[in-house]
Amino acid sequence: MPAETVAVRTALLSPPFTELSYSLPDCLPPEAFFTGQRVVVPLGKSRRAGVITAFERQRADAENFTLKPLIWPLDREPLFSPAYLDLARTLADRHADELGRILAGMLPAGLRSPAPRLRFFNEDGITDLVPGDLARLSADSLRALGGLWMSGRAEVRRPGVSPLDAFLYSPASDPPWPVRPAAKARIAVLEFLLEKGPVSRRILLNALGKKADATLTVLTRAGLVRALPADPEDSYAGTLRECLPAAGNGASGFTLTPRQREIADELLRAVGQGAQIRLLFGVTGSGKTALYLDAARAVLASGRSVLLLAPEVALALKLNDAAETALPPDLIPPDRRHLFHGYQSHAARERTFRLLAGDKSGRPRLLTGTRSALLLPLENIGLIVMDEEHDASFKQDEGSINYQAKEVAWYRANREGALLLLGSATPDLKSFYAARQGRIPLHTLTERFGGSLPEARLVPLAPGKDKGLLAPESVADLNEVVRRGEQAVILLNRRGYAPVVYCRDCGKTLRCPQCDISLAYHKGREKLVCHYCGRSVAFPSPCPSCGNLNFLPLGEGTEKLEENLETLLPPGTGILRLDRDSTRRPGRMEAILSAFARKEAAVLVGTQMLSKGHHFPDVTLAVIADADLGLNLPDYRAAERTFQLILQASGRSGRGGKSGQVLIQTRDPGHYCWDYVLRADYEGFFERELELRRRRLYPPFTRLALIRISHEAGSTEGAEAAAALGRSMRQKAKELGVTMLGPAPAPLPLLKGRARRHCLLKGDDWRSFRLLYKYAAETAKGGALALRLDLDPVNML
């Protein structure tokens, strides 16, 4: 009988992300390797990190080639449990992607490195090696090292922290900075740090070149740049907590109303009864957080873990603080509470991942975070909560991997026999439809805790008559709120000073050459900025069409609105702005919210960042400055998203016992959406929108997918390849029973120097979409096109 060998299937954690087969090395016995273990493998002349996914037996003469051996293991125990690998495989299958890419997207960056230090302890002392050193050693030396590994006298160490990575740098203040206009190197460093957030010296030098090193040092010494330690996890997280307003509903001592107690009892009966999903539909301020924490308390007491998810970091931090207050240490000790989000350092996120992966005790843990927390190897889960479940941030469609957090949450709840609790004042229409169809039990809270919903009214905007964005009626009400010593919030979902800059001489607007999008004027930075690719140019700069400098900024963003309010309100009125520009520096978002909570300002202007979750008892007026902004987007969800955004923003008013008002400024007062907004009538809006989607065949009455096709802008080869691929795909779509529209230019046809086309797919099953995508990817392989599959797309642009 021919001898058998073991082929080790390994998913690469870097391009091409494929699964390859390797043999076991002679220097280590088979028992040194496990499914779910990270290893270093050879690929051509390079070394890559990979994950063992399977061991396969094969006859020695089965193939006419010899497998290369693995180089070395990176874990003594499997980092991934079988259940975790199954989750990764499910995501890979669903999105027609490589397993390696999915695993790489789930792992913190430090766990994907193929170059850790290997430390061996022998009679002669300590020997430190990197995997590349092993290739230069003799077979006897390798066997000796293998013996040390098997006897426990070896370890894998994280690479030491380089001085280039020891600190994270960010501007110490918002622009304008006290820097001469001619000091272009200093301005370039400050702009980069402002745009990219806290970054290491290494990242800065890679982007701007080695000359930026001395410039960074000078700016740091001058106090214009702030340096924070890259790890500990707490230099930044601590700053966030210090700045956060006190937790609202859900603090200890919070007493449930009779209706809340009724729902809480129903949820408690559901816990432990197998995998279930429930929808909690409650108006803003109705105390949904209290119910989340009541259920969490019961699940933790039963010995199972709890996962609390929020769509944004600020909301996750508030949810975490509410949990810390409401859930005592004797129920869940501090060392078993975890916070996980994208603002944490790489090292902090890696520690959390390793801690959860290595915990086999089965004892309960409490994990709070944003959507990425859902991909941590937390086990023994009894409850998953998704607050603001309708929020588009729960879908990742631009990162290394695509996934919808609700789908992953249900998969995990189903595997663990857990309760998945979705909560919102404006549920995703598909979630509410499922509840109406009886597929999801529904719990409703129709009354605001400690008060009533605010009164809303429309304020029609008269084109050409109003001098600014705010109508006289809105200005009068704002002044009255300030006179009474109360507070107001103003929502304008458009940042910057002016969204368009017009050249008076040639009549053209200034546009981004990489995206063909109007450049927005940011007065504080004295820049024109593309909000899609980040490109920025100094303002004023010569017009690229005529060379002149005669410009007219058009429109109004949050920055200009903040400036105009200084002349519309009484002198000395405190005004704060909450948008991406004002919150780029670490801790600024939380500092702004905290200052407003302390009543250091009477008015808070902001984008959608201020619309959800914030509890300010003295806010009695909410102004929606330009309610029409999202209504006419080329997206079948445009009305739903506008309704959700405005109702959520309206919910910031009247939460502290005082009556509240909402002013909705619109140029289209006849739009059907406003009738339901004024009455805060989610169910009425749901019925109207549902009928429109039924007639137009959009979800929930069909399934939807996008195949995004792109190529280098101006490439004739790319355009021809896209057209040919489209013809081929249309025929394949007919065979699969899929309705395919396109490929057609995307609503944003040019982004970041790439021409973009969309194929919109409608059908009855996801499998047909995946088959069509695989066909397209195989047809286009090696050519000028890049393809991406987006199932149930949230972003149609």
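Guide: In this predicted model, pLDDT is the predictor's confidence in each residue, from 0 to 100.

Visitor: Which element of the chain has the lowest mean pLDDT?
Guide: The chain as a whole has a mean pLDDT of 89, with 95% of its residues at 70 or more. Among its elements, strand S13 (residues 305–309) has the highest mean, 98. The lowest mean, 42, belongs to helix H8 (residues 234–243).

Visitor: How many contacts beyond four places in sequence does the model have for residues 232–252?
Guide: Over residues 232–252, pLDDT stays under 50. Where pLDDT is low, the predicted coordinates should not be read in detail. With that caution, the number of contacts beyond four places in sequence that the model has for residues 232–252 is 46.

Visitor: How many salt bridges does the structure hold?
Guide: Side chains of opposite charge can pair when their charged atoms come close. The cut-off applied is 4 Å between a side-chain nitrogen of Lys or Arg and a carboxyl oxygen of Asp or Glu. The number of salt bridges in the structure is 50.

Visitor: How far apart are the closest N and O atoms of the salt bridge between Asp97 and Arg101?
Guide: Asp97 is partly exposed, at a relative accessible area of 23%. Arg101 is also partly exposed, at 29%. In the salt bridge of Asp97 with Arg101, the closest N and O atoms are separated by 2.8 Å.

Visitor: Is Glu389 buried or exposed?
Guide: Glu389 meets Lys406 in a salt bridge of 2.8 Å, N to O. Glu389 lies in the loop between strand S16 (381–387) and strand S17 (395–396), whereas Lys406 lies in helix H13 (residues 405–416), so the pair ties together parts 17 residues apart in sequence. Lys406 has a relative accessible area of 15% and is buried. Since the cut-off for burial is under 20%, Glu389, at 1% relative accessibility, is buried.

Visitor: Which residues do salt bridges with shared partners join into one network?
Guide: Here the salt bridges share partners and are joined into one network. Its members are Arg261, Asp265, Asp294 and Arg297.

Note on methods:
Residues are numbered from 1 along each chain as its sequence is written. This is a predicted model: local features need pLDDT of at least 70, side-chain atom pairs count only at pLDDT 80 or more; totals for chains, interfaces and linings use all residues. Side-chain values use heavy atoms; hydrogens and water are left out. Helices (H or I, at least four residues) and strands (E, at least two) are DSSP runs, numbered from the N terminus. Contact means heavy atoms within 4.5 Å. Buried means under 20% relative accessible area, exposed over 50%, partly exposed in between (1.4 Å probe, protein chains only).
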